[in-house]
Amino acid sequence: MAVIFEDFCGDLRPIMVIENVVSGRRFRRQGVGRAMFAAIEDWGRERQVKYAILCSGLKRKQAHSFYEAIGYSEIKGFKKYL
């Protein structure tokens with residue numbers, strides 16, 4: 001899932017938040033994840049998104065390696081359940 005919203009700081013370009021992007025185990029290592037992210041990122045570029053924020057669970061180490069391989073870098077963030 002990706003959501004684009006207006007950023008009211010800086011140069012006022014929209015930003016995108018991505019989460020809950022998962023490929024089934026039998027589809028891993030077949031390029032499905034790369035294709036999903038390429039489509040999401042293309043959609044963002046079409047809408048002039050400045051950057052994407054990717055949310056992922058702390059324990060998903062294999063997924064984190066994949067995210068780094070496709071150009072995402074780890075940053076610290078915070079979450080609060082309501």
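Q: With which residue do the side chains of arginine 47 and its partner meet in a salt bridge?
A: This is a predicted model: local features need pLDDT of at least 70, side-chain atom pairs count only at pLDDT 80 or more, and totals for chains, interfaces and linings use all residues. Residues are numbered from 1 along each chain as its sequence is written, and side-chain values use heavy atoms, leaving out hydrogens and water. A salt bridge puts a side-chain nitrogen of Lys or Arg within 4 Å of a carboxyl oxygen of Asp or Glu. For arginine 47 the N to O distance is 3.2 Å, and the partner is glutamate 46.

Q: Is glutamate 46 buried or exposed?
A: The scale is relative accessible area: buried is under 20%, exposed is over 50%, and partly exposed lies in between (1.4 Å probe, protein chains only). Arginine 47 reaches 40%, so this residue is partly exposed. Glutamate 46 has 62% relative accessibility and therefore counts as exposed.

Q: Which residues do salt bridges that share partners join into one network?
A: Side chains of opposite charge can pair when their charged atoms come close. Here shared partners link several residues into one network: Glu41, Asp42 and Arg45.

Q: How far apart are the closest N and O atoms of arginine 45 and aspartate 42?
A: Both residues lie in helix 1, three residues apart, about one turn of the helix. Arginine 45 is exposed because its relative accessibility is 54%. Aspartate 42, at 40%, is therefore partly exposed. Their salt bridge has its closest N and O atoms at a distance of 3.0 Å.

Q: With which residue does lysine 50 form a salt bridge?
A: The closest N and O atoms of this pair are 3.5 Å apart, and the partner of lysine 50 is aspartate 11. Distant parts of the chain are linked: lysine 50 sits in the loop between helix 1 (32–46) and strand 3 (52–54), 39 residues from its partner in the loop between strand 1 (2–5) and strand 2 (15–18). Lysine 50 has 42% relative accessibility, so this residue is partly exposed.

Q: How many salt bridges does a search of the whole structure find?
A: The pairs described above include lysine 50 with aspartate 11 and arginine 45 with aspartate 42. Over the whole structure, the search gives a total of four.

Q: In what order do the elements of the chain run from the N terminus on?
A: Elements are DSSP runs numbered from the N terminus: helices are H or I with at least four residues, strands are E with at least two. The chain has two helices and three strands. From the N terminus, the order is β-β-α-β-α.

Q: What share of the 82 residues in the chain is buried?
A: The C-alpha trace spans about 40 × 30 × 20 Å along its principal axes. Of the 82 residues in the chain, the buried share is 21%.

Q: How far apart in space are glycine 44 and isoleucine 15, C-alpha to C-alpha?
A: Glycine 44 belongs to helix 1. With 1% relative accessibility, glycine 44 is therefore buried. Isoleucine 15 is 29 residues away in sequence, and the C-alpha to C-alpha distance is 8.2 Å.

Q: Which element gives the largest share of the lining of the largest pocket?
A: A pocket is an open set of points on a 1 Å grid over the protein atoms alone, where a 1.4 Å probe fits, with protein on both sides within 12 Å along at least five of seven lines; lining residues have an atom within 4 Å of a point. The largest pocket has a volume of about 1,100 Å³. It is lined by 33 residues, with Ile53, Leu54, Cys55, Ser56 and Ile75 closest to its centre. The largest share of the lining, four residues, comes from helix 2.

Q: Which residues form one aromatic cluster?
A: Rings of Phe, Tyr and Trp (its six-membered ring) pair if their centres lie within 6.5 Å. The structure has four aromatic pairs. One cluster is formed by Phe37, Phe66, Tyr67 and Tyr72.

Q: What is the phi of glutamine 48?
A: Glutamine 48 sits in the loop between helix 1 and strand 3. With a relative accessible area of 58%, glutamine 48 is therefore exposed. Although not a glycine, glutamine 48 has a positive phi of about 60°.

Conventions. Rings of Phe, Tyr and Trp (its six-membered ring) pair if their centres lie within 6.5 Å; planes under 30 degrees apart count as stacked, over 60 as edge-to-face and the rest as tilted. Grid points are joined across faces, edges and corners, and a volume is the space filled by probe spheres set on the points.
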